[in-house]
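Take a look at the structure below. Keep it open as you read this short report.

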Amino acid sequence: MYVAYQKKNENICEYFLYMFQIEDLIRACKFDKKLIDRQLLAKYPSDMAIQSEVSQWYFGLANQMEEEHLHTSGHLITIKNKIAEVFDFHLYLMNNLKEIAYQSKFAIVAPLLAELRQRQSATADNDLQLALNSVYGFLILKLKGSQITKSTAEAMKVIVEWFNLLSAKFKAYESGELKLDL
């Protein structure tokens, strides 16, 4: 929970990837609160107030996922809405004449996304969702110890660099440091 709040404030794309992982961990626990408690909450400090707060957060997410029928796949509507918001911000940056450096970075990412879109059978709502799905899948493959080609690793590095730039711009926007010219 604390990691999620920190990531949401510091790097929104890392937050999305972290929340994808939390959703998968809850699914792995089959939404069973006892299993969530044993597998996910046991690592937290024994301070009762902290444990209570963290367990409420996990159980709340599990309840939301069940209500939204996310038993096997998909993301919480709150996450999807935030991704859409950040994607809209990306579109603003792409159409802002002052954001040439951002546009140049995305110009490097765009062909990779086009290739990913061709390869993936599932359709993503937008380029950000496609990139998040791809990086998350890449991270899962790395965790499993799967063979990853050099070109895939390089492509993911370029996408993550874009994530970091987009996240920094979004953080500046949310903090009021970056003003939108409408």
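The report below goes through parts of this predicted model.

Helix α3 covers residues 33-41. Which of its residues are buried? They are I36, L40 and L41. Looking down the axis of α3, these buried residues fall within an arc of 75°, so they line one face of the helix. Their cover includes α2 and α4.

The other side of α3 tells another story. There, K34, R38 and Q39 are exposed. Now go to the start of α3. A side-chain oxygen of D32 comes to within 2.8 Å of the backbone nitrogen of K34.

## V54 in helix α4

Helix α4 spans residues 48-67. V54 is found in this helix. Is V54 buried or exposed? Its relative accessibility is 0%, so V54 counts as buried; the cut-off for buried is under 20%.

What does V54 touch? Leaving aside neighbours within four places in sequence, V54 is in contact with M1, Y2, L41 and Y44. L41 is also one of the buried residues of α3. D37 gives another reference point. V54 and D37 are 17 residues apart along the chain. Their C-alpha atoms are separated by 9.9 Å.

## R27 in helix α2

Helix α2 runs over residues 12-28, and R27 lies in it. R27 has a relative accessible area of 12%. That is under 20%, the cut-off for buried, so R27 is buried.

Where does the side chain of R27 reach? It reaches the backbone oxygen of G74, at 2.4 Å.

## Where α5 meets α6

Helix α5 holds residues 77-94, and helix α6 holds residues 100-119. How do they pack? Their axes are 8 Å apart, at an angle of about 110°. Angles of 65 to 115 degrees count as roughly perpendicular, so α5 is roughly perpendicular to α6.

Which residues meet here? From α5 come H90, L93 and M94. From α6 come Y102, Q103 and F106. Sorted by type, the residues of this contact are four nonpolar, two polar and no charged.

Key. Residues are numbered from 1 along each chain as its sequence is written. This is a predicted model: local features need pLDDT of at least 70, side-chain atom pairs count only at pLDDT 80 or more; totals for chains, interfaces and linings use all residues. Side-chain values use heavy atoms; hydrogens and water are left out. Helices (H or I, at least four residues) and strands (E, at least two) are DSSP runs, numbered from the N terminus. Buried means under 20% relative accessible area, exposed over 50%, partly exposed in between (1.4 Å probe, protein chains only). A polar contact is a pair of N or O atoms within 3.5 Å; within protein, one must be able to donate a hydrogen and the other to accept it, and residues adjacent in sequence count only if both atoms are side-chain atoms. Axes are lines fitted to C-alpha atoms, for helices over the stretch in contact, and angles run from 0 to 180 degrees between N-to-C directions. Angles under 35 degrees count as roughly parallel, over 145 as roughly antiparallel, 65 to 115 as roughly perpendicular and the rest as oblique. Contact means heavy atoms within 4.5 Å. Ala, Val, Leu, Ile, Met, Phe, Trp, Tyr, Cys and Pro count as nonpolar, Asp, Glu, Lys and Arg as charged, and the others, Gly among them, as polar. The arc is that of the directions from the helix axis to the C-beta atoms.
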